[in-house]
Amino acid sequence: MLKYPIGIQTFANIIEGGYVYVDKTKQVYDLVDSGKYYFLSRPRRFGKSLLVSTLEAYFKGNKELFKGLAIENLEKDWESYPVLHLDLSPENYSSPERLEGFISNALLIWEKEFGSSPAEDTISLRFNGIIKRAYEKTGKQVVVLVDEYDAPLVTQIGNESVLESNRTVLSSFYKNIKANDAYIKFALLTGVTKFGHVNVFSALNNLMDISMDERFQAICGITEEELHANFDEGVAEMAERQGISKDECYGKLKFMYDGYHFVPNGVGIYNPFSVLNALSSKNFGSYWFRTGTPTALMLALRDTKQDISNLNDLAVRAESLENIFDYQKDIIPLLYQSGYLTIKGSFPNNVLRLGFPNREVEDGFVNRLVPIYSSYGGVKVDSLMARLYLSLYDGDIASFISEIQGFLAGMYYEFFENTEQTFQSVFYIVSVLIGVDTKPELHTSRGRIDLLTKTKDYIYIFEFKYDGTPEEALKQIHEKGYADQFKTDPRKKFLVGVNFDSKLRNIPDDGWKVEEMG
């Protein structure tokens, strides 16, 4: 049986423990061979820590760990270098003192190995001294690896005073990497976001950003080819447990966990954490979101008044994705860099189309939104969505509308503009959480269907009006021929016109009508 390295981020533990390892060592070799200073951003739980650990083992000359891997035939020298590896992920850094304390503890470990000086009385001076003494003591240039460099910033989104203080501490600390070029062999900083390009790294402009570099687009994560080459046995076992064919299992894994693109027209990348968990448990679950989604990010999304109903079809300029410092004004770059949105298409003039990478991300994202926007949360949300699902499954439109009315009544309207966008956003949230085949804003040759939902026995075509009438909504469905494409489908078809009353801030009892398609 395959052993899945869930939660194991140390390269040596994976190799020595006999766990499945997707061989990324060719990319590791190319990275080291083609440059010196790098920055890489990837979503959380995407394999950044394993990449850093692999580099650490490589630079320490642990050749035996790489037996049978691509790099074994590429590297000839296998020299050992002093490695300074700092992982900033464990803390939440709610004050600059906590950040300085955490870094200070790491420096103490290095100082025990390479020595210290009483004159070095700040973390910046101590780091500077450690780099030089490591070089002098070993006669080898130093390797600096910083994992989750931005954790002290990401955890403090929304807490501007602490974020600014932490940024100052990090800037002072990181500047030593550039200042000690003569003593450094290689440096890689990884993180979720690119705060540094505007602020933290203002004194460290020699980093090569490979986050959207075609050569290294698959250095983290799992490609389609790698999934088949490394996990075919596991997919077969999962398919048997699920009672589906292996091809169907591959298809659902792709639907749930694939879809990340880190360069325009790049290869699709699977979320490795979710794939490993799914294959291990043999169930299609929402694993990435269980590891935690920053509440501050959801609150920032709410406060920016971002239209959440169109997040799956956004057009942006590529350069706009670089700057997340102004997330209060435009949160899209932060959503992209955090892994909630990805590149879905590219066009001339650096225009990109963004959207959710896969169903797991979209489902989890919307689930986290509900408590931010309404009085619903936890079990109450699950119960509501179960009732909505059953009403559609049973063809009971009246119960479906009644549940929506209750949900609308529980919305925190002070956080919503009183516009049609509010109504569309609510139905978007509902459409995702229902858990059936649902498509909001579906494009046709003659217009856009507001909401299309399909179950085993029914097809529902919803058209929404804002301060209009349900009759107007039904008329549009007929005039635009939205149902024509389903004429030969044997399922029963319902045309549903719904009106949202801005004064009532809800659907009136007489604000909806349903017709069965003949």
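This report covers the overall build of the protein and then its helix 4.

## Basis

The model is predicted, so to speak of local features a pLDDT of at least 70 is needed, and side-chain atom pairs count only at pLDDT 80 or more, while totals for chains, interfaces and linings use all residues. Residues are numbered from 1 along each chain as its sequence is written, and side-chain values use heavy atoms, with hydrogens and water left out.

## Overall build

The protein holds 17 helices and 15 strands (DSSP runs numbered from the N terminus: H or I of at least four residues, E of at least two). Its radius of gyration, 26 Å, is close to the 24 Å given by the globule rule for 518 residues, so the protein is as compact as a globular protein of that length (C-alpha atoms; 2.2 Å times the number of residues to the power 0.38). The C-alpha trace spans about 85 × 50 × 45 Å along the principal axes.

Buried residues (under 20% relative accessible area, 1.4 Å probe, protein chains only) make up 53% of the 518. Of contacts (heavy atoms within 4.5 Å) between residues at least 6 apart in sequence, 69% join residues at least 24 apart.

## Helix 4

Helix 4 covers residues 96-114; its 19 residues should span 27 Å at 1.5 Å a residue, and the end C-alpha atoms are 26 Å apart, which agrees (expected span: 1.5 Å times one less than the number of residues).

The buried residues of helix 4 include L99, I103, W110, E111 and F114. Among the elements covering the buried residues of helix 4 are strand 2 (83-87), helix 5 (123-138) and helix 7 (160-179).

Methods: Buried means under 20% relative accessible area, exposed over 50%, partly exposed in between (1.4 Å probe, protein chains only).
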